[in-house]
Amino acid sequence: MTSRIPRDSRLRLVRPRPLAAAPRAMNQRRSRRPAPRPPEGTPAPAELARMARSGLAGAARVARWADPALRPGHDDGSSDGRGTLSAATAERAAAELGLTPDQVRHDWDTARLAGLVEVHGDVARPGWRLRAWNRDDSAVLRGWVALFDAWSIAHPEAADHEPAAVAEVVSAMPQVLSFLQLSAGPVPMEQLLDLLEQRVTELRTERCEVPYGPRPEPLTQQPEAVAVVDTPLAPLLDWALHALASVGALTYGDGHATLTPLGSWAVWVKLEQICVAAQSPAGNIEQNAEDMLRGCSQLRPNAARAEYRAWLAARPVGSAVAELLDAARGEDALLRGLAFEALRVVGGPAEPDVRAVTEKTPLRPYALLWLAEHDGIDPEDAHEVLTREEATWMWVDTAAAVADHGEAPLLVRHLESAVQPTIPALLDEVRAVGHPRTVQVLVALAAAHPDPALAKAVRRAAFQVHTGGN
């Protein structure tokens with residue numbers, strides 16, 4: 001990869017190792033920390049979810065239309081194979097929904113970015129968030145945050161903007177949004193522009209490197225840098241604010257910007273993520289497999305394995321294994337990884353059931369790793385049983401779990417676990433593997449990575465996957 005740090009071993013959600021090798025203190029739960037409360041005046045989660053449902057109503061409507069209309073076997077029931085709607089399908093949807101084709105395409109793109117629609121090859125199907133749309137406020141808010149993270153894709157910049165400057169502005173906008181959140185009111189564009197210029201200057205300073213040896217004559221190496229430095233940022237700030245307004249994160253007009261309640265809440269959540277200590281759940285033995293795994297996701301590895309053992313001891317092995325595999329088949333990649341960690345605690349009795357799911361795409365890479373380790377292969381070498389495509393699919397799946405439940409630095413470090421030797425090779429193979437969360441993973445990685453040039457390349461790849469371009 002591009003890092004100078006030696007590659008770490010493969011990233012695991014809960015890394016298996018002998019219990020004796022872990023310090024006794026690792027079995028202890030972390031001390032509790034009161035859950036942080038959002039700023040005063042923040043609407044309740046139910047009200048925030050209502051706002052998100054309202055803002056994404058058009059996208060949800062098109063996604064629901066797509067469920068029966070784009071199923072395999074329908075005469076024209078497909079996207080164009082690249083994730084965008086074909087002209088004929090857009091016309092048909094417009095006629096049935098009473099919209100224009102452009103409105104249909106816009107709502108379709110929004111539905112994809114929010115995870116309401118997943119495209120597998122030339123087949124579109126509802127995402128898990130759409131299925132939970134009317135009953136699960138957290139799924140609705142996660143969908144809106146996914147759209148919020150993808151604001152620069154949802155509203156692309158003008159073609160005449162300098163690409164390097166665009167990447168710098170995208171990298172600098174989190175600080176602008178944080179300032180808006182702390183201001184808790186309208187902020188003049190002049191003040192935001194001054195902050196943006198300061199942050200862009202910091203980004204340029206941070207990536208400067210002092211060359212070793214004799215300094216070359218600075219004759220032919222300056223024009224490109226000068227072009228970027230001289231690029232006016234006011235038009236790019238205007239584009240960024242309009243883009244964020246288009247996804248419902250803020251309002252922008254009369255030279256002022258103000259975060260919406262949803263936008264303020266989302267920024268606060270992202271600021272708090274790095275500060276929230278893990279909370280240990282109680283009573284996991286009484287929970288179903290999915291809830292038990294969610295509770296154990298906040299525990300250290302040895303404490304989680306202790307919870308798995310207690311949960312398994314209270315159930316017949318066969319039904320427990322079946323329940324864990326059902327949880328692994330769900331849409332949450334974190335639960336998929338944790339389910340197989342629990343199956344490692346089961347050991348040999350789980351082998352027939354695990355072997356039976358090796359032909360199921362979402363579970364195959366995890367099952368192959370489980371079987372390899374069960375057969376005595378060192379956990380550090382077990383990944384060699386996967387094909388390049390399977391390893392890449394699992395890399396994206398794990399990245400989706402980190403993006404949904406982890407912290408930005410962990411997502412950046414996850415780059416080191418990829419089998420591809422370079423970022424371009426990784427992006428090419430990630431685009432080709434067809435994981436339904438590819439766009440969201442790339443958007444989250446671009447937002448988290450501190451290197452503007454790499455973030456720009458990842459963001460471009462996300463846009464290409466989203467639009468089906470090359």
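**A first look**

Reply: Of the 470 residues of the protein, 46% count as buried, where buried means under 20% relative accessible area, exposed over 50% and partly exposed in between, with a 1.4 Å probe and protein chains only. This is a predicted model, in which local features need pLDDT of at least 70 and side-chain atom pairs count only at pLDDT 80 or more, while totals for chains, interfaces and linings use all residues. Residues are numbered from 1 along each chain as its sequence is written, and side-chain values use heavy atoms, with hydrogens and water left out.

Me: How many helices and strands are there in the protein?

Reply: The protein has 23 helices and five strands, taken as DSSP runs numbered from the N terminus (helices H or I, at least four residues; strands E, at least two).

Me: OK, where is Glu 351, and is it buried or partly exposed?

Reply: Glu 351 lies in helix α17, which covers residues 351-356, and it counts as partly exposed because its relative accessible area is 23%.

Me: And which residues is Glu 351 in contact with, leaving aside its neighbours within four places in sequence?

Reply: Those are Trp 370, Leu 371 and His 374, with contact meaning heavy atoms within 4.5 Å.

Me: Switching topic, at what angle do α13 and α15 cross?

Reply: The axes of α13 (residues 289-296) and α15 (residues 317-328) cross at roughly 70 degrees and come within 9 Å, the axes being lines fitted to C-alpha atoms over the stretch in contact, with angles from 0 to 180 degrees between N-to-C directions. That makes α13 roughly perpendicular to α15, a label for angles of 65 to 115 degrees.

Definitions and conventions: Parallel < 35°, antiparallel > 145°, perpendicular 65-115°, else oblique.
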